[in-house]
Amino acid sequence: MMLTQCQECGCRELECSDAGVCSCPRCHAKFELSYEDARRAAEAGDPFAQVVVGDYFRDGELGDDDERDYEEALRWYTLSADQGFATAMRKIAFLYEWGLGVPQDYEKALAWDTLSAERGNTAAILGQAVLSERLGRKPEAWELYHKAAAAGIPEAMTAIGKILMYGLHGGEPDGEAGAPWILRGADGGDMRGQVSAGWLYESGSFVEKDEAKGAQYYLASARQGHAPAQTSVGYCYEMGIGLEQSIDEALYWYREAARQGEGRAFYLLAFCYIEGNGVEEDWELAERLLVQAVENDYEEAVETLEWLRRKKSE
């Protein structure tokens with residue numbers, strides 16, 4: 001059986017997913033390939049397996065040093081793309097977008113996303129929109145965001161909402177028009193849409209204020225690993241905003257966000273050590289945390305860091 005077949009129903013619709021999730025409504029089967037199995041199939045010419053091998057090199061999952069090899073990943077993706085495999089084209093676009101193993105080139109990334117979209121990869125439409133926006137082609141980006149949203153991509157819905165809410169394409173900010181789009185993106189599972197929806201409900205901006213509902217949106221995003229949402233969840237737990245107050249939960253979420261370099265999380269965690277809130281008071285550690293907050297571009301930490309250093313010197 002070719003590896004591009006679904007193991008459950010035998011269909012050949014796996015191309016739609018990076019992870020091998022069948023789009024067939026009968027099963028949506030998912031399977032994983034070991035590197036050895038994928039390599040054998042890839043060398044035999046299977047385009048899905050070639051993508052899997054490329055992913056192993058991209059993610060640094062070979063050897064003890066976990067070193068990523070983007071150039072080798074690109075070689076395997078290109079072999080797959082040469083056979084017309086849309087997922088491989090999308091992955092090549094990503095490498096060019098972020099300059100991984102190749103010089104960063106938004107034009108080349110857009111060209112690969114366009115090829116992928118033409119072959120039915122709806123995720124590539126979102127890529128086209130983002131890249132068009134970065135290249136300053138706002139009318140094209142606007143049209144592509146709507147095309148992606150019509151295809152059911154929640155990230156595109158969130159993007160449309162933010163463009164409307166903040167007037168990002170030159171129009172007047174319109175929160176009334178933007179909020180419903182953000183909520184659609186959030187309800188579709190977009191973690192950035194969820195954190196924005198959390199703020200809408202927490203603040204009562206353009207929706208009826210509901211702190212408990214806002215906290216649930218923050219939680220949904222945090223559980224997907226979104227660091228700003230993890231920080232907001234921590235704050236909600238610390239202050240009892242929409243969630244039962246719990247300093248232990250607050251500390252847990254602050255630390256999760258800080259592991260990802262979230263400046264606000266370092267800042268709020270530092271205050272816990274300054275005040276001895278849920279932890280033993282430790283101004284030395286608080287100072288180090290504030291330094292990390294500053295290094296991660298959280299400007300409010302600058303003044304607090306100066307204050308703490310003055311207090312320590314008294």
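These legends accompany close-up views of a predicted model.

**View 1. Positive phi at F206.** F206 is not a glycine, yet its phi is positive, at about 70°. The residue sits in the loop that runs between α10 (191-203) and α11 (211-222). With a relative accessible area of 40%, F206 is partly exposed. Most residues other than glycine have a negative phi.

**View 2. Positive phi at D297.** D297, also a residue other than glycine, has a positive phi near 65°. Its place is the loop between α15 (283-295) and α16 (300-313). D297 is exposed, its relative accessible area being 68%.

**View 3. The aromatic pair F94 and W98.** The structure holds 8 aromatic pairs. One of them joins F94 and W98, with 6.3 Å from centre to centre and 50° between the planes, a tilted arrangement. Both residues belong to helix α4 (residues 86-98) and are 4 residues apart, about one turn of the helix. F94 is partly exposed at 36% relative accessibility, and W98 is partly exposed at 44%.

**View 4. The aromatic pair Y267 and Y298.** The ring centres of Y267 and Y298 are 5.0 Å apart and the planes meet at 50°, so this pair is tilted. It links distant parts of the chain, 31 residues apart: Y267 is in helix α14 (residues 263-275), and Y298 is in the loop between α15 and α16. Y267 is buried at 11% relative accessibility, and Y298 is buried at 18%.

**View 5. Arginines over ring faces.** R75 lies over the face of W76, 4.7 Å from the ring centre. R264 lies over the face of Y235, at 5.4 Å from the ring centre.

**View 6. An aromatic cluster.** Y35, Y56 and F57 together make up one aromatic cluster.

Terms used
Residues are numbered from 1 along each chain as its sequence is written. This is a predicted model: local features need pLDDT of at least 70, side-chain atom pairs count only at pLDDT 80 or more; totals for chains, interfaces and linings use all residues. Side-chain values use heavy atoms; hydrogens and water are left out. Helices (H or I, at least four residues) and strands (E, at least two) are DSSP runs, numbered from the N terminus. Buried means under 20% relative accessible area, exposed over 50%, partly exposed in between (1.4 Å probe, protein chains only). Rings of Phe, Tyr and Trp (its six-membered ring) pair if their centres lie within 6.5 Å; planes under 30 degrees apart count as stacked, over 60 as edge-to-face and the rest as tilted. A charge sits over a ring if NZ of Lys or CZ of Arg is within 6 Å of the ring centre and within 35 degrees of the ring normal.
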